[in-house]
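User: Can you walk me through this one? I'm new to reading structures.

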Amino acid sequence: MTSAINTNGINVNYPVPGINNSSQGFRDNFAAIRTDLNVAATEITDLQNNAVLKQALSGTTLNNDMANTLISNAVTRGFRASTFNLGNAISGTLIINAGLGDVQTGTINGNTTIQFTGWAPSGTQSNVEVQLNIGNNLAVIALPSQVNINGTSGIETVENYANANGIPTLTIPYNVNRLDYRFSTLDCGDSITIEPYNQPRQSTQLQQRTPSPIGEQGDVAGTFSMDPASSIAFATCTSIDGTYNIITCDSTEGFYLDMPIAFTGITFGGILGGATYYVRSVPSSTTFTVSTVPGTYTGPGQLSDLTTGSGTMYVSPIGYLYASTGNYDATVIPKTASNTNIVTTTVTGTNTSATGNLITVSSTANFVVGYPVAFSGTISSAFVTQTYASANTITVTSTAGMVTGGRIIFTDSVFGGLSQAAYYITNIYSGNSNITVSTTFGGSNISLTSATGNCLASYNGIVGGLTTTDYFVQSVANGTTFTVSTSQGGAPVVLIDENGSMNVTTVTDYTITLNSTSNVATNSPITFSGNVFGGISTDAIYYIANVTNGTNISISPTLYNGLSGQKLPLTTANGNMVVNISTGTDIWKSVPLKPFGSAEDGSVISGDLVVYGNANVYGTTTLATVNASTVTGNIAATNITVSNVASFSNSQIKITGGSGGYYLQTDGTGNLTWASGTASTTTAAGGANTQIQFNDASTIQGNTGFTFDKTTGAVAIPGILTVTGNLSATGNTIVGNLTTAGNIVANNYTTTAGNINAPTFQNGTSNIIITNGGNITMYVASNATARFTATTTGANIAGTLSASGNAIVGNISATNGVFAGALTGITTASASGNVNGGNVIATTYTVSGVTNSIVANGTVQGNATVLSNAFNVVSTVSSSNYGVILPAPISANSTVGMRVMVRNNGPVPLYVYPPAGAYINNSLNINVAVQINATSTNEFFCTGNLVWYSLN
């Protein structure tokens with residue numbers, strides 16, 4: 001602008017020097033100056049009121065309010081937004097004056113209703129950025145109704161928006177600690193748009209996190225998430241060991257138990273490309289095993305059975321895409337944790353076997369595959385004082401703790417043919433502290449010389465070649481046997497045959513002690529915070545595997561199909577952790593993100609399958625229709641069900657398997673299998689109704705009298721029935737003649753649980769055997785005799801022989817136990833010949849026999865001479881043949897009540913062995929002999945199945 005100050009009215013030449021000047025000239029100049037000063041004052045005041053200043057003038061407050069004045073065509077640099085603090089504990093009504101700051105900050109501590117004021121006039125855009133720190137993630141923020149709801153700039157596209165009866169509201173998203181929005185208006189606040197700065201809009205929202213099924217505070221319907229990206233859990237696999245199903249790769253870094261994985265490339269070793277597997281174990285940095293099912297809190301899933309192979313295939317983790325189908329509504333149960341524990345159990349190990357590398361213990365009830373296991377034992381000792389050449393026995397100061405098959409080591413000044421080496425105990429004679437030994441497990445006794453001396457014998461301790469090294473349970477074979485490995489999931493440790501007694505301690509559980517387990521349910525999400533310990537991570541989501549008592553729980557890092565996976569291994573520690581357990585409705589669903597191009601397990605295609613190229617199917621896939629015209633390549637399937645195949649020629653259908661000439665057969669439910677031979681065809685039945693069909697000169701025919709009644713189950717045979725094998729019946733079998741008129745003769749005739757009715761029975765070259773409760777009923781005419789005839793091969797009756805009248809018999813003979821059961825219900829029992837038996841038992845008497853001049857045999861139980869009478873005189877005994885064995889039962893309890901007397905007329909001790917699996921006097925001495933000195937006698941009694949006692 002141009003200044004209004006005019007200096008033309010001032011006479012700059014007045015007064016004139018050297019003359020007397022009039023005072024009026026002065027007055028005129030002064031008046032002009034005053035006028036110009038007044039104009040200057042007005043202009044300066046206007047500048048002070050309207051100019052933009054760098055800083056306040058003296059005595060004034062800086063005010064650069066432009067009052068909506070237009071600034072145009074300007075170059076600016078370094079402009080900054082102004083800020084305003086809304087408060088640090090916001091709740092209730094919050095009024096935001098847009099004119100107080102471009103960026104306004106505060107902390108939300110409770111439910112808040114926001115109102116706006118101070119907008120610029122209509123026709124200009126006014127903006128304010130609101131940054132709200134979250135002090136309470138349960139807070140609900142209500143916005144004024146002027147905030148647009150619809151449209152791309154409306155609030156309905158903002159994360160966690162909800163319409164509360166026309167009022168736009170926002171809740172706090174999961175794991176968010178600040179909300180940052182820009183609010184804008186063009187009409188002085190009549191219509192306000194919202195733009196999120198630090199959170200995505202719903203249409204682009206895809207979080208990277210693995211939610212629990214219940215979710216977290218802030219999760220709402222429509223929220224999507226995916227597993228965090230993993231850049232390390234990828235590997236190249238080059239070989240498979242089919243013996244132990246171990247896969248070798250370049251690196252297992254990033255692998256974890258139960259991690260879902262898929263294989264791609266040219267697979268081998270029985271691996272199905274694209275199928276879902278789960279990491280079962282990671283034995284080393286380059287090896288792992290897999291299962292087709294995830295593990296549970298009881299242990300890992302079933303080990304996948306693979307085959308040995310090699311090649312190049314790739315393994316990668318399967319991520320999941322998650323979608324929330326509802327709003328978070330869970331209840332958080334607060335707890336505290338004071339310690340983490342490793343729970344162990346100790347059992348007794350008694351045997352190791354080279355066959356299967358099995359370890360036998362008292363019980364494997366609490367053993368868990370993959371858990372640590374350790375072995376310990378105390379080495380016992382005794383002194384050797386004498387050896388005997390006659391029976392190759394060793395006298396020790398004590399046999400306490402020794403077991404047959406246990407390893408024993410002799411040291412110091414050995415004698416009698418012993419060496420400073422390891423032997424195996426073959427026999428223990430605790431009555432006289434004698435033992436025999438072998439150089440191999442289960443081998444023959446070593447030959448000794450008769451000598452006296454004093455050397456040390458050491459035994460027990462850890463057996464089977466195991467050491468105090470830490471091991472892992474590799475497999476649990478049954479209730480008493482298991483295998484171990486040196487790494488989790490590795491190959492089993494190779495063992496040797498040995499018996500003994502050692503302590504086996506294994507981890508059975510990893511627990512966390514809470515202040516209380518009230519209202520705690522299995523499979524519920526659980527998180528830990530504060531000073532965490534024991535191997536637990538802060539804020540990681542775990543799942544409750546089980547609740548063991550009022551204070552202890554176990555946790556798992558995984559959850560599949562609603563069930564927690566394998567337990568998290570912990571360390572023993574103490575402290576104080578904050579624990580939050582969530583209970584509520586499952587709102588999150590998931591779908592796997594498999595390798596690109598992989599088929600999904602269990603796919604169902606309801607329409608036509610159109611394939612341009614090859615179709616690879618893994619798992620089970622059901623197709624409604626497959627048309628040849630729509631498939632230009634091959635359909636390679638592991639398990640595919642097709643309900644309708646149209647327009648295929650024979651050359652286009654190829655099913656692998658079978659051999660030349662084989663045909664496909666169905667079980668009626670759609671399952672097909674290959675079968676050898678010629679496929680059967682339907683042929684009309686021959687003969688009349690109920691007649692049994694037979695091959696009559698290559699035609700199917702029936703015959704009169706050869707029938708089957710399906711109602712009664714009766715079979716009618718018009719002629720002679722010849723049996724060369726077994727004849728078995730589960731009901732009543734009524735026959736007339738079997739190869740001979742009036743007699744039933746069979747070369748091994750057997751029936752089970754049914755009745756045989758006939759006038760006479762006679763066995764041929766073999767035995768007639770009636771088992772499992774079968775009965776023989778002999779019916780005859782009045783005054784006739786029912787005949788049961790047995791030849792020299794014997795008639796064996798395993799059950800009860802009952803007679804309501806007289807039982808007249810000739811010879812009853814057997815090598816051991818003709819009647820395994822009781823001989824009951826006989827009014828009169830008379831014999832016209834001899835009654836000879838190894839064990840003939842009745843309720844009121846015992847029949848016994850005598851055998852003289854028995855020759856002892858062998859040095860071990862397996863080849864000892866079998867005793868067959870109640871009184872046995874052994875006349876021949878030597879240092880290389882000194883064994884006899886008591887009678888063995890032919891069925892359970894068949895020798896109970898038996899008394900056997902044994903006389904040793906030999907010059908050296910006689911060893912009397914129990915039957916296989918039995919013991920004499922001491923249940924710990926199974927299969928161990930009792931010694932009878934020369935010219936001595938002992939008597940033995942059977943008091944239970946495989947239980948014997950001696951008189952001396």
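Analyst: Start with a pair of residues: S225 stands opposite Y322 in β17. This is a predicted model, where local features need pLDDT of at least 70, side-chain atom pairs count only at pLDDT 80 or more, and totals for chains, interfaces and linings use all residues. Residues are numbered from 1 along each chain as its sequence is written, and side-chain values use heavy atoms, with hydrogens and water left out.

User: In what sense do β10 and β17 pair?

Analyst: Antiparallel. Strand β10 (residues 224–226) and strand β17 (residues 319–324) share three bridges. Strands are DSSP runs of E, at least two residues long, and helices are runs of H or I, at least four, numbered from the N terminus. Two strands pair if DSSP finds at least two bridges between them.

User: Which order do the four strands of that open sheet take?

Analyst: The order is β9-β10-β17-β36, with mixed pairing. β9 (207–208) and β36 (588–593) are the edge strands, and each pairs on one side only.

User: New topic. How many helices and strands does the protein have?

Analyst: One helix and 71 strands.

User: Which residues are buried in α1?

Analyst: G25, N29, A32, D36, A40 and E43. Buried means under 20% relative accessible area, exposed over 50%, and partly exposed in between (1.4 Å probe, protein chains only).

User: And L37, buried or exposed?

Analyst: Exposed, because its relative accessible area is 55%. L37 sits in helix α1 (residues 23–50).

User: How much of the whole protein is buried?

Analyst: Buried residues make up 39% of its 952 residues.
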